[in-house]
Amino acid sequence: MSVKETVLKQDPPCTSTLGNYLWRDPPQESKWADCVHCGMCLESCPTYEQTGEEQQSPRGRVYLIKAVAEGKLFVDEHFADPVFSCLDCRACTTACPVDVDVGGLIEEARGQIRQSMPLKGWKKTVNRFFLHGVFPHHNRLNSIGTLLRFYQKSGLQKVVRKTKLINIMPKHLREMESIMPEVKSCVHKKYDSVIKANGETKHEVSLLTGCVMDVFFSDINESTITVLTRNGNDVCIPRNQTCCGALHVHAGDREMGRKLAKQNIEAFENAETVIVNAAGCGCMMKEYTELFRDDPEWKKRAESFEEKVVDISKYLHDTGYEKPKAMLKTRITYHDACHLAHGQGVRQEPRDILLDIPGVEMVHMPKADSCCGSAGIYNLTHPEMADAVLKSKMENVPDDVEMISMGNPGCMMQMALGVQKYGRNQKIVHTVQLLDWAYQKEERGSSHGSPKD
Ligand code: SF4
Ligand code: SF4
């Protein structure tokens with residue numbers, strides 16, 4: 001069956017095709033209409049910085065996306081390459097004087113590409129296994145966490161590394177294995193669905209525990225719960241919540257993104273506030289409306305859901321938190337995760353939290369809001385570009401700091417790789433962990449020393 005015939009058989013029928021975009025949810029004209037081709041976004045774009053090519057720039061990508069809508073170009077591999085090589089970092093929107101939403105256009109264009117040119121062979125199998133078979137299922141994530149814990153604790157990891165068995169894996173997977181954090185029990189499994197505040201309850205909040213976050217960084221989820229309960233919050237963990245869908249939407253799988261969004265909107269229906277400690281997930285959940293533009297009922301529900309979603313650092317900053325008394329003597333620099341700074345406009349709040357910890361000395365990082373190259377699974381799909389972007393990032397990390405703080409698990413893994421690759425020795429931490437460690441130190445009655453004491 002031809003693409004055209006397949007398109008005509010869409011169920012329900014698609015009424016919103018545009019030029020050579022033949023599927024539901026084409027890129028929206030309102031998103032590119034204001035672009036005046038001024039080029040003020042070029043210098044902010046990591047892929048343009050690396051290649052100097054117009055089609056690897058925001059302006060070039062907007063031009064290509066518009067050209068397909070005008071019927072001048074087709075959705076083919078020449079179009080797919082610049083669209084998928086974008087990191088969706090949103091730095092261009094920050095730089096753009098008229099706020100062109102390049103990231104939104106890119107996601108919509110990817111949706112068209114994935115439907116016109118579906119993945120085939122092993123790429124299709126791997127993609128379906130992880131994006132459909134693992135990430136949306138807490139029980140399967142738990143099982144993977146258990147297997148990884150066994151791999152790390154049983155000595156198998158040491159054997160695999162020592163015997164060089166690890167070398168059968170592709171280079172970028174080997175690198176990811178080498179920086180895999182210690183896997184602990186998932187918070188989703190470990191805690192009751194409601195964790196009461198220490199002392200008087202001031203607020204009730206719900207927590208997104210996440211998929212990757214709860215397997216590889218459950219200690220950050222633990223720190224988030226500790227900090228929230230310490231500051232008078234009852235923390236609810238809805239059992240039927242699922243993966244936010246960011247990885248799916250970034251990969252062009254908007255149908256699955258919609259399915260997961262609906263599940264989360266229902267799971268958090270009764271929540272007043274939805275706390276997120278992963279910038280990528282928070283940004284996705286604050287954009288659920290984009291997925292329901294031709295579905296008025298779900299669009300309305302998505303709009304009220306989005307208003308409840310807030311990053312942990314912004315929530316603490318806005319509602320107030322107890323300033324820790326214990327001293328964590330350390331020099332820190334802060335990396336702005338793209339989906340926190342460019343995506344949600346949260347920049348100063350995490351810095352203020354860090355500065356409220358006695359003994360923390362903040363060191364400025366030049367171009368702190370430039371991408372690290374993580375970008376979901378970009379470092380796996382485009383390892384060479386991700387490496388080049390990471391190298392540029394690491395050149396801006398000050399030498400004389402002990403820690404690099406940030407608010408996104410993907411960045412934490414990528415920056416850990418950068419530290420290892422470029423012979424640095426900084427510890428990678430989430431902002432909320434620092435606050436938790438300061439509280440812990442206070443409870444132990446120690447007021448001086450390093451964070452590791
Ligand atoms: S996206 Fe914005 S900054 Fe870039 S060329 Fe268009 S108007 Fe200018
Ligand atoms: S989202 Fe990032 S990588 Fe993509 S065009 Fe904009 S600046 Fe470049």
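This is a predicted model: local features need pLDDT of at least 70, side-chain atom pairs count only at pLDDT 80 or more; totals for chains, interfaces and linings use all residues.
Residues are numbered from 1 along each chain as its sequence is written, while chains are lettered from A and ligands numbered from 1 in the order in which they are written.

The protein chain splits into domain 1 (3–116), domain 2 (134–178), domain 3 (187–317) and domain 4 (323–444). The C-alpha centres of domain 1 and domain 4 are 30 Å apart. Between these two, twelve residues of domain 1 are in contact with 13 residues of domain 4, contact meaning C-beta atoms, placed from the backbone, within 7 Å. On the domain 1 side, H3 gives the largest share, four residues. Helices here are DSSP runs of H or I with at least four residues, strands are E runs of at least two, and both are numbered from the N terminus.

Now the ligands. Which residues come nearest to ligand 1? Out of 14 around it, they are Cys 35, Cys 38, Cys 41, Cys 96 and Val 100. A residue counts as near if its C-beta atom, placed from the backbone, lies within 6 Å. H4 supplies the largest share of that shell, three residues.

Ligand 2 has 15 residues around it, with Cys 45, Pro 58, Cys 86, Cys 89 and Cys 92 the closest. Helices H3 (46–51), H4 (58–69), H6 (91–95) and H7 (102–116) each bring at least two residues to this shell.

Next, the inside. The largest nonpolar core has 115 residues, and Ile 275 and Val 276 have the most contacts within it. Such a core is a set of buried Ala, Val, Leu, Ile, Met, Phe, Trp, Tyr and Cys residues joined through C-beta atoms within 7 Å. Buried means 20 or more other C-beta atoms within 10 Å of a residue's own, with C-beta atoms placed from the backbone; 12 or fewer is exposed, and in between is partly exposed. Val 276 touches, among others, Leu 208, Met 285 and Ile 312, leaving aside residues up to four places away in sequence.

Finally, strand E6 (residues 330–334) has four of its five residues buried. E6 runs parallel to strand E8 (residues 403–406), joined by three bridges; pairing takes at least two DSSP bridges. Here Tyr 334 stands opposite Ser 405.

Note on methods. Domain bounds come from an automatic or database domain assignment.
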